[in-house]
Amino acid sequence: MKRLLTITAITLCAYHTRAQQISPGALYAASGSGSANGVSVSWVLGSLNTFSDLSVLPVRLISFEGRLNAAGLAELHWKTAEETNNVGFEIQKSLDGKNWELLGWVDGAINSTTEKSYQYVDQEFVTTSYYRLRQVDTDDSYTYSRIIRVIPEKESLDRFYVYPNPSRESKVRVQLPERTRRLLLFDQLGNKLGQFETPATNHIITLPHPGSFMLQIDTPVGSKTTKLIFH
């Protein structure tokens with residue numbers, strides 16, 4: 001028990017003397033150590049790479065976002081508040097958020113204490129894609145940014161709508177985003193009345209009777225439900 005209390009005390013001491021402030025969404029790492037009565041404690045908080053003793057933040061990333069530009073391509077923007085030994089940023093891309101490939105590279109400022117802005121355009125953007133930054137230091141150590149997603153307009157859930165709605169006819173037309181996996185029709189009690197796999201972007205549904213219905217779509221981007229009324 002005495003040994004356990006000693007280790008706890010050392011850990012708290014190390015945290016008090018060496019802890020560093022962490023900004024949300026930033027690339028970060030910090031470490032500390034301490035010893036007493038022959039017992040040593042070391043800790044590392046952040047990304048574990050090739051650092052043996054991390055005492056400074058290599059890059060303080062204050063923003064990382066993606067959006068569609070006028071040409072419909074994914075345009076990535078990020079800003080740093082300060083940089084230490086920052087060689088640059090490797091831009092990585094994934095179509096599923098799990099398997100990553102190298103997309104491009106942007107040089108860093110090496111050392112800077114002022115705000116820097118960067119951007120990169122994905123010229124091969126055709127479908128919903130995930131992006132992250134791999135920030136590399138002069139000693140080849142690295143840290144990763146958070147993951148962001150960019151959705152092309154043709155795959156946006158906003159492209160899902162029904163017309164006419166309300167309808168006075170049993171047949172209604174449904175406009176769907178590309179890559180829709182499933183279209184489902186429910187009655188107002190939640191009973192499933194129909195299911196359509198990989199429907200076309202323009203789909204016609206025949207309603208069984210007047211009343212209120214719910215249409216749901218499932219896509220790689222997410223799911224969305226809309227209410228449909230047939231008088």
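**Reading the salt bridges**

Mentor: Start with Arg179, which is partly exposed at 41% relative accessibility (buried is under 20% relative accessible area, exposed over 50%, partly exposed in between, with a 1.4 Å probe and protein chains only). This is a predicted model, where local features need pLDDT of at least 70, side-chain atom pairs count only at pLDDT 80 or more, and totals for chains, interfaces and linings use all residues. Residues are numbered from 1 along each chain as its sequence is written, and side-chain values use heavy atoms, leaving out hydrogens and water.

Trainee: Which residue does Arg179 form a salt bridge with?

Mentor: In general, side chains of opposite charge can pair when their charged atoms come close. The rule here is a side-chain nitrogen of Lys or Arg within 4 Å of a carboxyl oxygen of Asp or Glu. Arg179 pairs with Glu155, with the closest N and O atoms 3.3 Å apart. Glu155 is buried, at 3% relative accessibility.

Trainee: How many salt bridges does the rule give?

Mentor: The count comes to 9. One of them joins Asp122 and Lys93 at 2.8 Å, N to O. Asp122 sits in strand S6 and Lys93 in strand S4, 29 residues apart (strands are DSSP runs of E, at least two residues, numbered from the N terminus). Asp122 is buried with a relative accessible area of 0%, and Lys93 is buried too, with 6%.

Trainee: What about Glu90, buried or exposed?

Mentor: Buried, at 16% relative accessibility. Glu90 forms a salt bridge with Arg134, the closest N and O atoms being 3.7 Å apart.

Key:
Helices (H or I, at least four residues) and strands (E, at least two) are DSSP runs, numbered from the N terminus.
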